[in-house]
Amino acid sequence: MNFIRGVIGGQPSGAQPSGVETIQKLCDRVASSTLLEDRRDAVRALKSLSKKYRMEVGTQAMDHLIRILQTDRSDSEILGYALDTLYNIICNDEEEDQDESEDTAAPVSAKSKNVAAPEDTQKRQDDVGAQFTERFIQEPENITLLLSLLEEFDFHVRWPGVKLLTALLKCQCTQLQGIILVSPMGVSRLMDLLADSREVIRNDGLLLLQQLTKGNAAIQKIVAFENAFERLLDIISEEGSSDGGIVVEDCLLLLVTLLKNNSSNQNFFKEGSYIQRMKPWFEVGDDNSGWSAQKVTNLHLMLQLVRVLVSPVNSPGATSSCQKTMFQCGLLQQLCTILMATGVPADILTETINTVSEVIRGSQVNQDYFASVNAPSNPPRPAIVVLLMSMVNERQPFVLRCAVLYCFQCFLYKNQKGQSEIVATLLPSTIDANSISAGQLLCGGLFSADSLSNWCAAVALGHALQDNLTQKEQLLRVQLATSLGKPPVSLLQQCTNILSQGDKLSRRGSRVQTRVGLLVLLCTWMSNCPIAVTHFLHNQDNVPFLTAQISENLGEDERLVQGLCALLLGICIYYNDNSLENYTKEKLKQLIEKRIGKENFVEKLGFITKHELYSRAAQKPQPTFSTPEHMLFDHEFTKLVKELEGIITKAVHKSSEEEKKEEEVKKTLEQHDSIVTQYKELIREQDTQLNELKEQVASLTSQNEQMQTTLTQQLSQIQQHKDQYSLLKLKLGKDSAVSGQAEGAQENGLQLEELTLLRDELEELRRQHAQLQTQLAEKDTLIASLKANGERSGEGSEVETAELLKEVEALRVQVRSQGAEISTFQSERQELQRRADSAAAAAVSVVDAGAVSKVAELESRLSAQTADTHRLQEELRSLSDSRASLEKELASATSTAAILQAEKSKLQQEVSESKKEQDDLLMLLADQDQKILNLKQRLKDLGETIEDEDDLDARDQSEEDDEEEEEEEEEDE
């Protein structure tokens, strides 16, 4: 213990031991001591020596320190010392090394302190750290042990563990990522660090996750699904968003790492509605003065995060989905507010322009919104106009002008509406003399004295024509007033005039840049536009200028101009409609062959793709150049060159006969295509008709089946009613008979009384009938007498006659009524007579009155059943009528099916014709086989050895037989 205390702080007596010896003794003490206090003091001493004697401590003490981590888990203090010692051994932190050297090294002069450490010293330190890291991770259990220690809540264990794991990741990132990835709950344990209430551990946890997620998509996905986005956004909000400190920067760096080039995490970020939480970051007030450096850094990273989600390198579906969400949640509107705000730092403004560019790129809704944004000026101007004013202003920063060009390109990307609006500002009918338009700014930049403005304006105008034939033709109408007293010239002619003047014009910047920009514009304008080619060739000076430029032997700087001139001349050949006799395709190719040479022309055309800046521009849409002189190529133009180079080369080498044949083939193919298209349309129409007929047949068939089932059900119901009626009839007959036999003996006396009553009633009815007959006879005699008196009186008074007639009519009515009563009484009498006769005939069995009532009830039921039967018969008739109508519909469907069968027979006939054609092909193949056999026979006759297929098959069969025999022999042995 005295020795350890002496090493740590006390002054030892006697000779001072060397550092190596001290470390060796301390390692022995750690390995052999049984007391925890002794081991703790030894490890603490090793920690104090680990920075100065890094190599020695690492070489001798690493294994002992790892063993301490395994065995002394119960003591947090010794664990903290061991982890700190391992961190000092592995860490390559230059600042800590410098601090340690100032504390421990001997005093040196001020001059020597200011001398920087050599690069080889730092490299040697990095190598030492990498060696110890590799040694530590040779056993994956060490990493598992370290991850388990991170679960300890004690600050003196958890914080050194986080720092140690971060240092290990810095030295051997890939290998350590693989170990953590396969470790159970490894990433989850590290994610718990973000929830630690101690800010030091949480902030170092952020640095650890930054190192862990670098370049490993699998770990990035796991971290994202461990709710990393939610926690990081909460930390950013707690720290003050863009006004926060270095912690916000670390969170944003981690978010960028998790989302960049990781489509799964991007989709998860969007689906989790985290884009909506980014909107408050970009709320900038009116007073934008005095931005701190940390705020600029934070906002710059926030803009980068937005660009990661809508980058052109992402899948189109994911990009468009994020763009839609950003518009719906108001994020795009907030970015446009920053774009038009005052006092925003230049680099933030530049990055905001780039961000808005990618948010609107290819999204029609976002592009339309951007077109409607106005700058807060008096009078208000569109944001596009304000940005173009910055682009053509040579006093603006170069990076800002590049950003505006990129924004304009993204606004016009796949936006034909925007292209037409830009071109319309150049047309004579829409020019407003009182306001500045985008077209006027582009023309001003195209013909200004600044070469960079020329190039930017030419490329921007080319994007207004990209893949839009209508606007290419519309731009031919643009007329420019060059000077007073001279007639206006077309925009195309003015471009060729400036191009032909070349070195005569004074330009600030690169003259090659101006010419390249104009050639890029002309190539974009004239490609796939024969009318523009005709206008260009109509000027007699253009073709000689191009041939002269291509044929000359110029320096390295002019090679690109020669290549672009060759491309423009090739476009004039390929898209030539031969409307000008002097400059047809054939004459232009003859001119190339005579003046330039085809091989030389193709060689000059290849100068474009061989240029060093071509491949850089072809990588991504955003123009990123280190200096203005390097701005020569545009991304979309590189795609056009790639498309046209091979086509133009073939067009130049083709002869007139080949072109004629190709044109004939094209015409034939077009005719065939038109015929095939017509047949396809006819087949589609027939197919639709056939499908409709099939649907009709199916519906009719289903209706018929439904009707048949309904008819069957109703017939079964009728049969059931019939059966029920028969059963009721039988049941009622049996009930009446049984009841009559059972009650006959008991009610015999009552039946006799009833019989006498019926007889008395019958006699009374007969007497009333006789009285009525006598009354009727009296009335008849009275009528006859009245008639006789009337004839005798002859000429009686009209009043008496009328009264008599009334009495006669009354009597007649009374007679009729009494006759009706008589008839009813007679029917009742007959019924009573019948009942009396039946009662008399059944006197032996003596049917009682109760039975008669039951019979009456049964008869009423029978009548009801009869009515139901009639009703069912009526329903049956209606069903038979509906069945007849269904049979008619079925007959029509059958006729339709016959028509379809006729069409089917036609199709079968076409199939048979195709089979005949196949048979003819088989005959041709047979003839070919016969020819091949003849040729083989001739070769055999000439002495050549040729193996027939039969010989090969026989040889293969013999070899197989030999193998089988050998196997059988082996089995027998």
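A nonpolar core is a set of buried Ala, Val, Leu, Ile, Met, Phe, Trp, Tyr and Cys residues joined through side-chain atoms within 4.5 Å. The model is predicted, so local features need pLDDT of at least 70 and side-chain atom pairs pLDDT 80 or more, while totals for chains, interfaces and linings use all residues. Residues are numbered from 1 along each chain as its sequence is written, and side-chain values use heavy atoms, without hydrogens and water.

**Exercise 1.** Describe the largest nonpolar core.

*Solution.* Step one: the largest core has 208 residues. Step two: among those with the most contacts inside it are Phe282 and Leu567. Step three: helix H24 (residues 398-412) gives this core its largest share, twelve residues. Helices are DSSP runs of H or I, at least four residues, numbered from the N terminus.

**Exercise 2.** Determine how H23 and H24 are oriented to each other.

*Solution.* Step one: the axes, lines fitted to C-alpha atoms over the stretch in contact, come within 8 Å and cross at roughly 140°. Step two: angles under 35 degrees count as roughly parallel, over 145 as roughly antiparallel, 65 to 115 as roughly perpendicular and the rest as oblique. Step three: H23 and H24 are therefore oblique.

**Exercise 3.** State whether Thr524 is buried or exposed, and list its contacts.

*Solution.* Step one: buried means under 20% relative accessible area and exposed over 50%, with a 1.4 Å probe and protein chains only. Step two: Thr524 has 6%, so this residue is buried. Step three: beyond neighbours within four places in sequence, Thr524 is in contact (heavy atoms within 4.5 Å) with Gly462, Gln466, Lys472, Phe637 and Leu640.

Methods:
Helices (H or I, at least four residues) and strands (E, at least two) are DSSP runs, numbered from the N terminus. Axes are lines fitted to C-alpha atoms, for helices over the stretch in contact, and angles run from 0 to 180 degrees between N-to-C directions.
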